[in-house]
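Colleague: Hi! Could you walk me through this structure?
Modeller: Happy to, let's look at it together.

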Amino acid sequence: MTTLTLALALLVPPAHADDPEFLLDAYGARVDLPSGWEGTPGSWTNESFDASAANGALLFFAWGSDFQSPMRKDELKAWGDRLVDKALARKMTKAEVVSSEIRKVGKREVAVFELAVEASAGKGVMFGTAEAVDGHVFHMMVMTGKRKRSAGAKAIDAFIEQLDIQAPPAELGWGGEVSAGGHSAKLPADWRPVLETEVDDFKRHIKDLGVADTKECWTAIRPHGPGDPDVMLACSAPLYLGVVDEYSFAGVDEQVRTTLFGAGASQIAPAAPRDVGDRVGLRYLADLGTRKMALGVVPSENGVMRIWTVTHGEGAGEALDGVLTTSSLAGPHPVELGETVSYYLTYRPFSPMVLGPAALLLLILGGGAAGAAMAMRKKPAFDLDDDEL
C-alpha cells in the first residue's frame with residue numbers, strides 16, 4: 001500500500017455492511033456496490049454514502065447538488081471545479097482536473113472527470129461524476145493512490161453502470177408558460193419553471209424577498225451549472241392602486257415604493273412604466289449585495305401582481321421585461337368611483353371630465369344667482385313709493 005492510499009484509508013476506515021444496495025432517496029439514486037466493496041457503517045443517510053474496497057486503498061463517496069441541470073460541454077469546467085472543492089475538503093492539498101467527458105449510458109448522460117490529487121503523504125487520482133436526476137444533480141467519486149489508477153478507473157465505470165436511477169431527470173419547460181393569481185406569462189428561453197422537487201431548495205434563494213409561502217405564486221429559475229441559479233417569482237398582493245396611467249404614474253410610484261420598500265424607499269430609484277396588456281405596470285431596479293433585482297408591479301383583479309427577478313449578474317431588468325411583455329391578466333383592474341374622482345381632481349383637474357361638469361354646475365349656479373339678482377332688482381306691483389300713495 002502506498003503512503004497516499006494509507007492516508008486515504010485513514011480518512012474512512014473500511015467496514016462491513018449487510019445490505020449492498022444503498023438508496024439515497026433525496027436524489028432517487030440507489031448505489032449497488034460492485035463486488036469487493038463494503039459500505040462504511042454510519043455513513044448511509046438520505047443524502048450521502050461512503051464505501052471502500054481493497055482494505056481501504058479504494059474509497060467511494062456519493063452525494064448530490066441542488067437543482068436539476070443537464071450536463072453540457074460548456075459547463076464541464078464548472079462541474080470539475082466543484083469536484084476539485086470536494087477533493088480539497090477530503091484533506092487533499094492539491095487537486096486539478098486532467099480530463100472530462102460526457103458519457104452516454106443508456107438514456108443517461110454522465111459527466112465523468114479524472115483529477116490528479118495530492119496529500120501530504122503523496123500523489124493520487126480521483127474519478128468523479130455528475131448527472132441529472134429529478135430536481136438535483138447526483139455525484140459519485142472514487143479516490144485512490146496513483147499506482148492504483150487502473151483499479152480506480154474500473155471502479156468508477158462499475159459504479160456508473162450499476163447505479164440505479166429511480167427518479168430520472170424531469171422534463172424541463174425551458175421558456176414555458178407560468179401562471180398564478182390570474183396572471184400568466186411566457187418565460188424567456190433560458191428560464192424554466194421550478195420543479196416540485198426543487199421547491200425547498202428554491203426557497204433558500206428568496207429569503208431576502210420576504211415571501212415565506214410560494215403556494216399561490218409561480219416560480220422559475222435560470223440554472224448556472226453548479227452555481228446558484230437566478231430566480232424569478234410572481235405573487236399577488238392586496239395593494240390597490242386606483243387609476244394608473246401616464247398622468248398618475250409618479251404619484252402611484254411614490255405610493256408603491258413607500259408601501260413595498262418602507263424605510264428603504266428613498267434608496268430605490270423611481271419606477272419605469274411598462275405596458276402590460278391593457279394596463280400600465282411599474283418596474284423597479286435595485287441591488288441586493290452581489291445580486292441584481294428587478295421588481296414588476298402590475299395592477300390586477302385582486303390588487304397587484306409582484307414579479308421579482310434576481311440575477312447574479314446583469315440582465316435582471318431584461319428578463320423581467322420579457323415576462324411583462326408576454327403577460328396577461330384574467331380579470332380587469334377594478335377602480336372604484338371614489339378613486340376615479342380622486343384621480344381626476346388630483347392628476348387631471350383641467351380635463352374635460354372635470355371642467356365639463358364644473359362648467360355645467362357653474363352654469364346652473366350662475367343662472368340661479370342671476371335670476372335671484374334680477375328678481376331682487378324688479379319691484380313688485382304692490383311695492384309703491386311713498387309719493388305714489
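Predicted model: local features only at pLDDT ≥ 70, side-chain atom pairs only at ≥ 80, totals over all residues.

Modeller: Let's start with the largest pocket, which has 15 lining residues; nearest its centre are Gln-68, Lys-107, Glu-109, Ala-132 and Pro-169.

Colleague: What volume does the largest pocket have?

Modeller: About 340 Å³.

Colleague: And how do the lining residues divide into nonpolar, polar and charged?

Modeller: Nine are nonpolar, one is polar and five are charged. Strands β7 (108-119) and β8 (122-133) each give at least two residues to that lining.

Colleague: New topic: how many aromatic pairs does the structure hold?

Modeller: There are 10 aromatic pairs. Take Phe-22 and Phe-49: their ring centres are 4.1 Å apart and their planes sit at 20°, so this pair is stacked.

Colleague: Where in the chain are Phe-22 and Phe-49?

Modeller: Phe-22 is in strand β1 and Phe-49 in strand β4, 27 residues apart. Both are buried. Another stacked pair is Phe-60 with Phe-159, at 3.9 Å between centres and 10° between planes. That one joins strand β5 to helix α3, 99 residues apart.

Colleague: Why does Phe-60 count as buried?

Modeller: Its relative accessibility is 0%, and buried means under 20%.

Technical notes. Residues numbered from 1 in each chain as written. Heavy atoms only, no water. 1 Å grid on protein atoms, 1.4 Å probe; cavity = no way out; pocket = protein on both sides within 12 Å on 5 of 7 lines; lining within 4 Å. Points joined across faces, edges and corners; volume = space filled by probe spheres on them. Helix = DSSP H or I, 4+ residues; strand = E, 2+ residues; numbered from the N terminus. Nonpolar A, V, L, I, M, F, W, Y, C, P; charged D, E, K, R; others polar. Phe/Tyr/Trp six-rings, centres within 6.5 Å; stacked < 30°, edge-to-face > 60°. Buried < 20%, exposed > 50% of the residue type's maximum accessible area, 1.4 Å probe, protein only.
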